[in-house]
Amino acid sequence: MNQIRNAAVAGMFYPGSENQLRKEITLMLEEAADYGEYKGIAGIVVPHAGYVYSGRTAAAAFKLLKKKYNRFIVISPSHREYFPGINIYPGAAFSTPFGEIAINEELREQLLSGSDLIKLNSAGHNQEHAVEVILPFIQHLFPEAEFVPVVIGDQSAQYIYGLADALTPLFGEDVMVVVSSDLSHFYDSDTAAYLDGIVENHINSFNYSGLFEDLTKRKCEACGGGGIVSLMKAAESRGINKARVIERTDSGRASGDRSEVVGYLSAVIYESE
């Protein structure tokens, strides 16, 4: 349990030096649009590509977190390994160029006890970037915060709704849920805009069941779509039923190549404005 998960994509997805990473996150947060105040925020959705492509979109969501949060639950898909179920990392901390961010043992145990579909296992965590790229934002804004890394290996209904059940009792004043997800991959920008618009519409209308159905039928794409559904369903169970996509873009806006893009959005799930 004292194992430290070392950074796997520092220097690739984001700067590998502490100073450069601090400068880049500071600049992204300064340049991100201010989308106002949202009360009773249960969670945010952010993309997880390299910062040059999606960092500003992620920064826009983190900029909404005006108050102090001591504990974060970061939910991501597994890109490199398939496994049945949902795994929480069994070690003590993750390491980034900012240093170690500790795993909150109490919150981890609460999640594990909330569903027998959630396991304590390192499978899916070792090389996964979708959790890691989120952590420097948390460390920069909330340097004392701890977190729980949750990786979904199978996004079928039983696991997604099981995760929602485990999340439901954990929303609180000092807990923030962050779902890490990109959207469609490698379509031209017009096709991507159409597909990603379906995801956006489902989020804005708080239609997580419709989102799950369209993802299952491949009418749209979101690699972390199961996590978005889990967050929204859990929030609704606590009387939180508003969501808004605050920003949506694609990789072509940074690269200039509109022939094959990856889509990104940031969103907030909240009680009221």
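1. A quick definition to start: a residue is buried under 20% relative accessible area, exposed over 50% and partly exposed in between, using a 1.4 Å probe and protein chains only. S113 has a relative accessible area of 62%, so S113 is exposed.

2. Before going on, please note that this is a predicted model, where local features need pLDDT of at least 70, side-chain atom pairs count only at pLDDT 80 or more, and totals for chains, interfaces and linings use all residues. Residues are numbered from 1 along each chain as its sequence is written, and side-chain values use heavy atoms, with hydrogens and water left out.

3. Where does S113 lie? S113 is part of helix 3, residues 105-114. A polar atom of the S113 side chain lies 3.0 Å from the backbone oxygen of Q110. E200 is 87 residues from S113 in sequence, and the two are 32 Å apart in space, C-alpha to C-alpha.

4. Now have a look at the largest pocket. Its lining is made of 16 residues, and L215, T216, R218, C220 and A222 lie nearest the centre. Strand 10 (185-187), helix 8 (208-216) and helix 9 (225-237) are the elements that give two or more residues to this lining. Helix 8 supplies the largest share, three residues.

How values were computed:
Helix = DSSP H or I, 4+ residues; strand = E, 2+ residues; numbered from the N terminus. Polar contact = N/O pair within 3.5 Å; in protein donor to acceptor, adjacent residues only side chain to side chain. 1 Å grid on protein atoms, 1.4 Å probe; cavity = no way out; pocket = protein on both sides within 12 Å on 5 of 7 lines; lining within 4 Å.
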